[in-house]
Amino acid sequence: RKVISRKSFNIIYKLCASLSASCTQGQNVTFFFDASNDVLFKRYRSRGSFMEKRLYLDMQRRLLPHLYSRLLGGQIVFIDTSSNSIPDVQQLLREIVL
């Protein structure tokens, strides 16, 4: 398993954000899919993934929307996938985008 360094990740992230901002016409819409920690932990267990710490998940919920709004501007849409099925989430996305 390869791990990308923080410096490389930051460079790639800023480049992607800049490209996205310059390539889109109109307003950007950024989607954040989230679920409660309990639901996320069940999903991690069921697929055998690494179990993220609660503090890390909470930090992501605060930091990522802030970064995206600063770098990309535009609208940020939060979608809670805790109780929604995949078809429900897809329908919600169609309603937001169209």
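Predicted model: local features only at pLDDT ≥ 70, side-chain atom pairs only at ≥ 80, totals over all residues.
Figure 1. Which residue does the side chain of Asp34 meet in a salt bridge? The partner is Arg61, with 2.5 Å from N to O. This pair links distant parts of the chain: Asp34 belongs to strand β1 (residues 29-34), while Arg61 belongs to helix α3 (residues 54-72), 27 residues apart. Arg61 is partly exposed too, at 25% relative accessibility.

Figure 2. An α-helix has 3.6 residues a turn, so residues three or four places apart point the same way. Asp58 counts as partly exposed, with a relative accessibility of 29%. Through shared partners, salt bridges join Asp34, Asp58 and Arg61 into one network.

Figure 3. How many salt bridges does the structure hold? The count comes to three, and this view shows the one between Arg54 and Asp38, whose closest N and O atoms are 3.6 Å apart. Arg54 lies in helix α3 and Asp38 in helix α2, so the pair ties together parts that are 16 residues apart in sequence. Are these two residues buried or partly exposed? Arg54 is partly exposed, with a relative accessible area of 43%, and Asp38 is partly exposed as well, at 48%. Side chains of opposite charge can pair when their charged atoms come close.

**Figure 4. Phe41 and Tyr44, an aromatic pair.** The structure holds one aromatic pair. Phe41 and Tyr44 form it, with their ring centres 6.3 Å apart and 55 degrees between the planes, an arrangement described as tilted. Leaving aside residues up to four places away in sequence, Phe41 touches Met51, Glu52, Arg54 and Leu57.

**Figure 5. The largest nonpolar core.** Which residues make up the largest nonpolar core? There are six: Ala35, Val39, Leu40, Phe41, Tyr44 and Leu57. Helix α2 gives the most to this core, with four residues. In soluble globular proteins, nonpolar side chains tend to be buried together. The buried residues of α2 are Asn37, Val39, Leu40, Phe41 and Tyr44. Just after α2 comes Gly48, which takes a positive phi of about 75 degrees.

Figure 6. Tyr13 has its place in helix α1 (residues 6-23). Buried or exposed? Tyr13 counts as buried, because its relative accessibility is 17% and the limit is 20%. Not counting residues up to four places away in sequence, Tyr13 touches Leu67, Tyr68 and Leu71. Tyr13 and Leu71 are 58 residues apart in sequence, yet their C-alpha atoms are 9.9 Å apart in space.

**Figure 7. A nonpolar patch on the surface.** Val29, Leu92 and Ile96 form a nonpolar patch on the surface, and together they have about 190 Å² of accessible area. Ile96 is found in helix α4 (residues 86-97) and is partly exposed, with a relative accessible area of 32%.

Figure 8. The protein chain has four helices and two strands, which follow the pattern α-β-α-α-β-α along the sequence. Of its 98 residues, 18% count as buried. The chain exposes about 7,800 Å², of which carbon and sulfur atoms supply 57%. Among contacts with a separation of 6 or more, residues 24 or more positions apart account for 65%.

How values were computed. Residues numbered from 1 in each chain as written. Heavy atoms only, no water. Patch = residues over 30% accessible without salt bridge, like charges linked within 9 Å, V, L, I, M, F, W, Y side chains within 5 Å. Areas by Shrake-Rupley, 256 points an atom, 1.4 Å probe, with all protein chains shown as cover. Salt bridge = Lys/Arg side-chain N within 4 Å of Asp/Glu carboxyl O. Buried < 20%, exposed > 50% of the residue type's maximum accessible area, 1.4 Å probe, protein only. Phe/Tyr/Trp six-rings, centres within 6.5 Å; stacked < 30°, edge-to-face > 60°. Core = buried A, V, L, I, M, F, W, Y, C linked by side-chain atoms within 4.5 Å. Contact = heavy atoms within 4.5 Å.
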